[in-house]
Amino acid sequence: MAYLASNPKVSHVVGIDIIKQAAEEFAEDHPTLSLKDFQTDESCDATTSSSNSIFHGDDITIIVGDLFNLLQMESDERSKYVTLGSTVSTEYDGSTPYLFDSIYDRASMVAIDPSLRNDYATYMGDILRPGGVMLLVTIDRRKVANDAAKSDGPPFSIDESEVRQLYESQGWVDTVELLEEVDDLTTDDDKKRWEKKGVLELHELVFVIRKKTSESK
């Protein structure tokens with residue numbers, strides 16, 4: 001997120017994390033972004049009840065809360081909190097849904113309960129503009145000692161066939177491309193740590209998912 005926020009070609013970055021400490025640590029690690037904790041005047045359904053925090057800084061906003069709460073909000077209400085405290089809020093008039101040019105899913109889909117994946121994929125199409133791009137990173141527990149090790153999580157295992165089955169069935173998706181596959185067990189420490197969990201082969205998969213240019217689903 002820090003790289004994107006500092007990129008002159010990117011107008012604004014929005015991140016979300018359910019743990020406030022993670023947002024605080026990110027702000028501390030990247031002081032040049034000038035992230036400050038903005039307490040909402042009233043309860044926001046997207047934020048956790050314990051914090052009601054939205055961090056905003058130079059071209060970046062981080063919402064502390066449940067991603068599904070944010071996605072399930074009405075588009076105008078969601079747009080209000082996505083742009084709150086940013087320069088984008090002065091440019092956005094609320095007349096149309098606020099859509100993102102791109103989505104970077106680094107540790108979100110692998111963290112949610114597998115039963116919610118189809119809903120999650122549908123929501124991604126709702127917040128991505130026509131012609132937009134999603135970069136999705138998953139892990140594949142390719143070789144395991146037992147079934148429990150395969151289904152354990154988070155992070156949950158999502159292999160290429162499942163990603164394709166899930167997203168290619170979405171009406172908003174144009175193409176799904178496997179961009180990169182990386183062996184995640186390259187050191188002895190990594191191998192030992194995952195072997196204790198019953199995982200013998202672990203790969204990180206990176207996909208580019210493109211949305212159709214039309215609004216049809």
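In strand β8, Phe 207 is the bridge partner of Leu 178, where strands are DSSP runs of E with at least two residues and helices are runs of H or I with at least four residues, both numbered from the N terminus. The model is predicted, so that local features need pLDDT of at least 70 and side-chain atom pairs count only at pLDDT 80 or more, while totals for chains, interfaces and linings use all residues. Residues are numbered from 1 along each chain as its sequence is written, and side-chain values use heavy atoms, with hydrogens and water left out.

Strand β7 (residues 173–183) pairs with β8 in the antiparallel sense over nine bridges, pairing being assigned if DSSP finds at least two bridges between two strands. Antiparallel pairing also joins β8 to strand β6 (residues 128–144), over eleven bridges, and in β8 it is Leu 205 that stands opposite Thr 138.

Strand β8 (residues 199–211) is mostly covered, with ten of its 13 residues buried, a term that means under 20% relative accessible area, whereas exposed means over 50% and partly exposed lies in between (1.4 Å probe, protein chains only). Val 199, found in strand β8, counts as buried because its relative accessibility is 0%. The C-alpha atoms of Val 199 and Asp 140 are separated by 10.0 Å, the two residues being 59 residues apart along the chain.

Asp 29, by contrast, has its place in helix α2 (residues 20–29) and counts as exposed because its relative accessibility is 59%.
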